[in-house]
Amino acid sequence: MPVTPDLFADEPMADSRPARVAIGEQACVLRGFALAAAPLLWSDIEAVARAAPFRHMLTPGGQRMSVATTSCGEWGWITDRRGYRYARGDPESGRPWPAMPSSWMRLAHDAAAAAGFDGFAPDACLINRYEPGTRMSLHQDRDERDFGAPIVSVSLGIAAVFLFGGQQRADKAARVPLQHGDVVVWGGVDRLRFHGVMPLREDVHPLLGAQRINLTFRRAA
């Protein structure tokens with residue numbers, strides 16, 4: 001499994017990087033796949049956040065998440081003392097989540113197809129905002145009703161190190177560097193692998209500033 005030891009080593013130009021890097025049997029990174037769409041994605045993210053602001057949710061154990069979240073689509077992912085789950089409406093406003101832009105749905109569909117998963121039609125997009133120092137611990141995406149659809153994850157903003165582990169939390173996780181515009185897709189035999197994000201280093205991106213935005217497309221229902 002390819003592992004880059006230093007995320008902050010000099011990167012080659014985007015067009016010289018492999019378009020697709022396998023990180024599992026049915027998991028890969030699509031380098032720069034969302035790069036051309038990034039300005040429009042960022043504009044749409046700002047619009048979604050005006051309707052459903054980012055917030056730091058509580059885990060079932062009562063811990064405040066360091067990553068701020070919001071959602072768009074038919075379903076939004078939430079967490080509180082009652083557990084992890086999807087909800088049709090924003091619990092803070094009582095209103096439906098903002099609609100998922102059609103361009104986002106096309107991007108997720110096309111990325112999934114490029115990774116070997118044809119016909120992906122997401123009905124939920126979890127939007128995570130990371131600031132320097134924040135992280136995401138190893139976890140599985142298993143709140144969906146079935147695991148037949150892949151996960152499509154789009155990285156925007158400052159660089160991050162994605163942790164891609166095994167079927168058990170204790171399995172060693174590969175460290176996968178992600179840059180602005182990279183897309184990770186995993187499904188099939190890799191669908192329930194543990195994954196997370198290492199603490200972000202201090203940095204500033206010319207478009208998004210000192211933050212990383214992660215769009216995670218799922219088929220929730």
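Predicted model: local features only at pLDDT ≥ 70, side-chain atom pairs only at ≥ 80, totals over all residues.
Helices are DSSP runs (H or I, at least four residues), numbered from the N terminus.

The crossing of H1 and H2 is left-handed, that is, the near helix is turned anticlockwise from the far one by less than a right angle. H1 contributes Leu 40, Leu 41, Asp 44, Ile 45 and Val 48 to the contact (heavy atoms within 4.5 Å), and H2 contributes Ser 103, Trp 104 and Leu 107. Six of these residues are nonpolar, one is polar and one is charged; Leu, Ile, Val and Trp are among those that count as nonpolar, and Asp counts as charged.

The structure holds zero disulfides, a disulfide being a pair of cysteine sulfur atoms within 2.5 Å. The closest cysteine sulfur to that of Cys 72 belongs to Cys 125, but at 4.6 Å it is too far for a bond. Cys 72 is buried, with a relative accessible area of 0%, and Cys 125 is also buried, at 1%; buried means under 20% relative accessible area, with a 1.4 Å probe and protein chains only.

Residues are numbered from 1 along each chain, and side-chain values use heavy atoms, without hydrogens and water. Local features need pLDDT of at least 70, side-chain atom pairs count only at pLDDT 80 or more, and totals for chains, interfaces and linings use all residues.

Definitions and conventions: Helix = DSSP H or I, 4+ residues; strand = E, 2+ residues; numbered from the N terminus. Buried < 20%, exposed > 50% of the residue type's maximum accessible area, 1.4 Å probe, protein only.
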